[in-house]
Protein chains: 2
Amino acid sequence: MTIYLQDIPLPQARERFEAALKEAGKIGVLGSEEIPLDEHALGRVLSTPIWASISSPHYHASAMDGYAIYSSTTSLAGPTHPIELLIGTQAAYVDTGDPLPSWCDAVIPIENIEHVSEAIATHDQLQKMMRIRIRAAVTPWSHVRTMGEDIVATQLVLPAGHSLRPVDLGAIAASGHASIRVARKPSIAILPTGSELVPVGQPVQAGDIIEYNSIVLASQVIGWGAEATRYPMTGDDFDLICQRVADAAREHDLILLNAGSSAGSEDFSSRVVERLGELLVHGVAVRPGHPVILGMIGKKLNRIPIIGVPGYPVSAILTGEIFVEPLISKWLGKSPQVPITMKATLTRKVTSPAGDDDYMRLAVGRVGDKVLAAPLSRGAGVITSMVRADGITILPRGVQGLPAGSEVEVNLYRHPSDINNTIFAIGSHDITIDILAQLLAEKDRRLISANVGSMGGLIALSRGECHLAGSHLLDPETGEYNLKYVQEIIPNLPVKIITLVGRQQGLLVAKGNPKQIISLQDLARNDVAYINRQNGAGTRVLLDYQLRRLGISSDEIRGYSNEEYTHLSVAAAVASERADCGLGIEAAAQALGLDFVPMYQERYDLIIPQSYYESRLLNPLLDLLMDQGFKNTVSGLPGYNVDQMGQVIL
Amino acid sequence: MTIYLQDIPLPQARERFEAALKEAGKIGVLGSEEIPLDEHALGRVLSTPIWASISSPHYHASAMDGYAIYSSTTSLAGPTHPIELLIGTQAAYVDTGDPLPSWCDAVIPIENIEHVSEAIATHDQLQKMMRIRIRAAVTPWSHVRTMGEDIVATQLVLPAGHSLRPVDLGAIAASGHASIRVARKPSIAILPTGSELVPVGQPVQAGDIIEYNSIVLASQVIGWGAEATRYPMTGDDFDLICQRVADAAREHDLILLNAGSSAGSEDFSSRVVERLGELLVHGVAVRPGHPVILGMIGKKLNRIPIIGVPGYPVSAILTGEIFVEPLISKWLGKSPQVPITMKATLTRKVTSPAGDDDYMRLAVGRVGDKVLAAPLSRGAGVITSMVRADGITILPRGVQGLPAGSEVEVNLYRHPSDINNTIFAIGSHDITIDILAQLLAEKDRRLISANVGSMGGLIALSRGECHLAGSHLLDPETGEYNLKYVQEIIPNLPVKIITLVGRQQGLLVAKGNPKQIISLQDLARNDVAYINRQNGAGTRVLLDYQLRRLGISSDEIRGYSNEEYTHLSVAAAVASERADCGLGIEAAAQALGLDFVPMYQERYDLIIPQSYYESRLLNPLLDLLMDQGFKNTVSGLPGYNVDQMGQVIL
């Protein structure tokens, strides 16, 4: 049994796959179909060019409501020399779009014709109704849409390979076609495997994996223009997987076999491919996503590609983007998708495995005149990092990392305008920041918060890397919050300090407080495991201050060196029995059904540089701090106090 | 009867419409529905935020295939001091994703474990299988995905108003939801009216309008996230239109009543709105698209908005973009679409009606280091101008025009990368240019050709406004083509001249040549109407040269001053009997079923600046000139000769 993979470089993997596809005759458009020209053609890809079969207009059409005339009969008309034309033989009323009578070569718009009734009131009543008077000569073909003005029969209207937009459907109709030939949609089978899988919505036990990769993969391929079949989950049963894959191969153009693509004891995918055909690639040097399998299965004359998709969700998504999308595009006859790119500056140093193409997820925002890219979690299992990612940058093989301040090219996952509406908040985490984010989303602002603790937020402000920092740093000497730290860390940056909330800090303990932890003294007990916050977090500053006051050394506390970055993560550590207690806020305890031992009241402020205060970007946020609805929501959270919300401290 | 509209400014029109919508309670999300979380949720818009109901992982999970251990038992291990752990009580095999046994706090990847069998070969066989050996201490929680690493229960996963992408569906599933609440899709009724309408695909008579606006509007609203109902066509019957609109209003959120929105004798839309409700706006100061109607119909307690959409296709499309898209977005609870923008330089002067917001269509391409925007047709009926448009720029009310060289902000209709793959060809038109465009589309290049005649192309080259110019300018003194003109017009621009084709010029005449036109002398006949090409066209140069040679004055030729810009347009003029003959190429005659009187053989060259010759952009085009398939296609066209194709003249 191989216990780990030999990854090959991405270009080499692509090459092998393409060669095999070519050999199997599966490299171009798979087939085409004739479909009626209606709204269902939207997004389909033309497999043959559209040449106009008729002209548009297909006749000389009046471009206005008015009178069709023969231009040379007007040549003597002038402001002081009006001429009159007899309706019927010299002028004919036409509506917009009406064909020009054959004896006409121009149209006079109705608003340019004089009210003849006034002018020739002395004339016979019948004659009066039959004449128009004009005071300007008319040039030939004026206000006429001549035949072929828009489209001349036989001209190229749209090339093959074009993805149809609404306007294209109109142009095709105008050029005389009622049906079109488009590329057949490739059909993709998605087979989730693994005995640990449980369907979405079912209660989960430890070890259960919620099966959602097939939903993500199916919606990816649908978005790329293919059809998806999601198969039922198959347990780790080699023969059953083989049978289902073989069945799927008979009715599909591509098999995506999810999970089991690595080399563990229950990873069957590579053997399934070997049993049913040829294993081309097992392991590609990309992070995340390296345990990819590429193969061809089925009979010699009808070989079907199969991709073993890794089980980690981020790996699965990237496998889709890297291998599936280009294949679908080829099969549809169109160019592969090209991301919109933006240059941005890395906010911190990153390292990268030298042997891999490293797909790094980034949050991107404009702060001042800089576009900043903040690296997100690198974990292949952290799907929220893909949700939050504004884009990715690829650190190619051979690059072992980049220093902070490097310029990177970001392949955007989001509309560039979103980047400009993004508020970058770096600092301490608080649940009210999540609520702000939700409410700001309704006001066209995107609040991205990086939780690096209060001190980290101030340092980010000093580097010009965020629009605001949340902070609750206690000054042990004065009992005041934030002021001293702002003066020390960012003395030269003019800022406003605005209170967000007052909140209760205390110990988060398991339901019923089984270890009877009631004060910080209990942290020194042998039977108590603590979960700490990281250095620079306001909660950590508070803990260290109180420990010093009580004369407790950190060495006495088991778990003091185990750190988490948010209140909720501390609560999760206690809920999962990784620790017995941790200092944090009551809302986090209640969120995860823990008990809470209240201890200290503290103030949580927003630190905002003067230059962003009352800016277009931040105004909606400042408005919310004055909003009674927001105050009511927050004061409904346990341990929160909104009395000082919106107060400007500095 | 009002005979023309009083347009009001766009912001005022929007304000009236929004006030009426607000009064009717139709300004926010129309309603929501619970749908299962699967691939069909793609693109739907969340109507409530997603807060995590479980953590992800919801247990401590092994991040690798390996052995779960308790970290402190490894603290003494080192490279020269291996320790051994008993499987079962000190180490437990785990696959990736398996839950950690409760007595473990770390995982050692399988590749970091020594092959114990060699090391302890002297031990008892049973014991040997039960031990692993390691040579490094393990830090707590290494290779473990701790509970909540990705998502902590209660945290905000996605805000309301978010349009769901594939990755979002995964994150929602991971956070414990099997169904989601999304905004109900607004339902839009589209009613085409007009007795002149004929369905797509039916043979057309003069005066018939092919009804395709409803297809375009339906696919627009579907693309924006709504549902569309296309009603059958209704003739110009006021009562019947009223009845159908009233019926549609009972089952839809918005009515789009197409055409009849102006003030002509058969324009019923405004009266329909007045009969069924309230006419808010009739005429908006936007070009194209000004005869827009905005109104509210139905009973006081259930008023439904109605938009009278102009009949010209470009006006209809822009009405969709300006009025319908923002409304649908509001009803879905998301932000209105924001275009991607790009700055570009206008290639020529434009004028604009001062009273209107003028939506100007542009072709956009990068030539050298400049992004150029070439204004396209302004006609509201020219749908191909929207197909060709890479974007629009809005010349606001009050602006009467812009000089050539002005910088404009373009709202792109295309992916910015398309702009970089665009070959700008300006000059003489030839059918082989259309064929090149089709073949280049398959090679990721977009060939945009502006047909301004040979001389215009050389002038565009001199201004750096295109990548190549097609030219067939005869030097009357030498009988040679293009060389002299290149030397005179662009003496300082190093260029290559490459022959595209040799082709036959002659007179295009009606089928059967009823007027027996056999030479240029016939153009001086009283009963012959000529259709000319514009000044600077190679065909015009040829005509003028031959007329001079024959001693015929242009005054003697009826229609000499009527100009068209392409061979096909000349053919269309003859086919529609606007003229009896015109000088042009045989392919154009054949395309429209005309007869052809052959006269002269000429050479058509491509003039390419040295700096673009053999560039990444143009290489696929140069390759095609050497391609036998392309040569065969072109030589199959009547009057074409490919003997010199690809030959470098200069």
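Guide: What follows looks at the contact between the chains, then at the cores and the salt bridges. Please keep in mind that this is a predicted model.

The contact between the chains draws on 108 residues from chain A and 106 residues from chain B. The size of an interface is often given as the accessible area lost when the parts come together. Here the area buried between chain A and chain B is about 8,300 Å², and carbon and sulfur atoms give 65% of it. Within chain A, the residues that lose the most area to chain B are A:Glu39, A:Val387 and A:Arg578, which together make up 7% of what that side buries.

Several elements of chain A each supply at least two residues to the side that touches chain B, among them α4 (166–174), α5 (213–223), α11 (431–441) and α15 (567–575). The element of chain A that gives the most to this side is α4(A), with eight residues. Sorted by class, the side of chain A that touches chain B has 61 nonpolar, 28 polar and 19 charged residues.

Let us turn to the nonpolar cores. In soluble globular proteins, nonpolar side chains tend to be buried together. The largest nonpolar core of this model has 71 residues, and those with the most contacts inside it are A:Leu500, A:Leu606, A:Ile607 and A:Ile608. If you select A:Ile607 and leave aside residues up to four places away in sequence, you will find that A:Ile607 touches, among others, A:Leu458, A:Leu461, A:Val486, A:Ile490 and A:Ile497. Apart from that core lies another, of 70 residues, which includes B:Ile448, B:Val486, B:Ala572 and B:Ile607.

Now for the charged pairs. Side chains of opposite charge can pair when their charged atoms come close. Over all chains, the structure holds 64 salt bridges. In one of them, the side chains of A:Asp247 and A:Arg250 meet at 2.4 Å, N to O. These two residues are separated by about one helical turn, because they are three residues apart in helix α6 (residues 238–251) of chain A. A:Asp247 is partly exposed, at 33% relative accessibility, whereas A:Arg250 is exposed, with a relative accessible area of 62%.

Another salt bridge joins the side chains of A:Lys511 and A:Asp595, at 3.7 Å, N to O. A:Lys511 lies in the loop between β31 (495–509) and β32 (532–533) of chain A, while A:Asp595 belongs to strand β35 (residues 595–609) of chain A, so this pair ties together parts that are 84 residues apart in sequence. A:Lys511 is exposed, with a relative accessible area of 61%, and A:Asp595 is partly exposed, with 24%.

In chain B, the side chains of B:Arg181 and B:Glu34 form a salt bridge at 3.2 Å, N to O. B:Arg181 is in strand β11 (residues 179–183) and B:Glu34 in strand β1 (residues 32–36), so the pair ties together parts that are 147 residues apart in sequence. Finally, A:Glu84, A:Glu114, A:Arg133 and A:Arg135 are linked in a network of salt bridges.

Key: Residues numbered from 1 in each chain as written. Chains lettered and ligands numbered in written order. Predicted model: local features only at pLDDT ≥ 70, side-chain atom pairs only at ≥ 80, totals over all residues. Heavy atoms only, no water. Contact = heavy atoms within 4.5 Å. Buried area = accessible area lost by both parts, 1.4 Å probe. Helix = DSSP H or I, 4+ residues; strand = E, 2+ residues; numbered from the N terminus. Nonpolar A, V, L, I, M, F, W, Y, C, P; charged D, E, K, R; others polar. Core = buried A, V, L, I, M, F, W, Y, C linked by side-chain atoms within 4.5 Å. Buried < 20%, exposed > 50% of the residue type's maximum accessible area, 1.4 Å probe, protein only. Salt bridge = Lys/Arg side-chain N within 4 Å of Asp/Glu carboxyl O.
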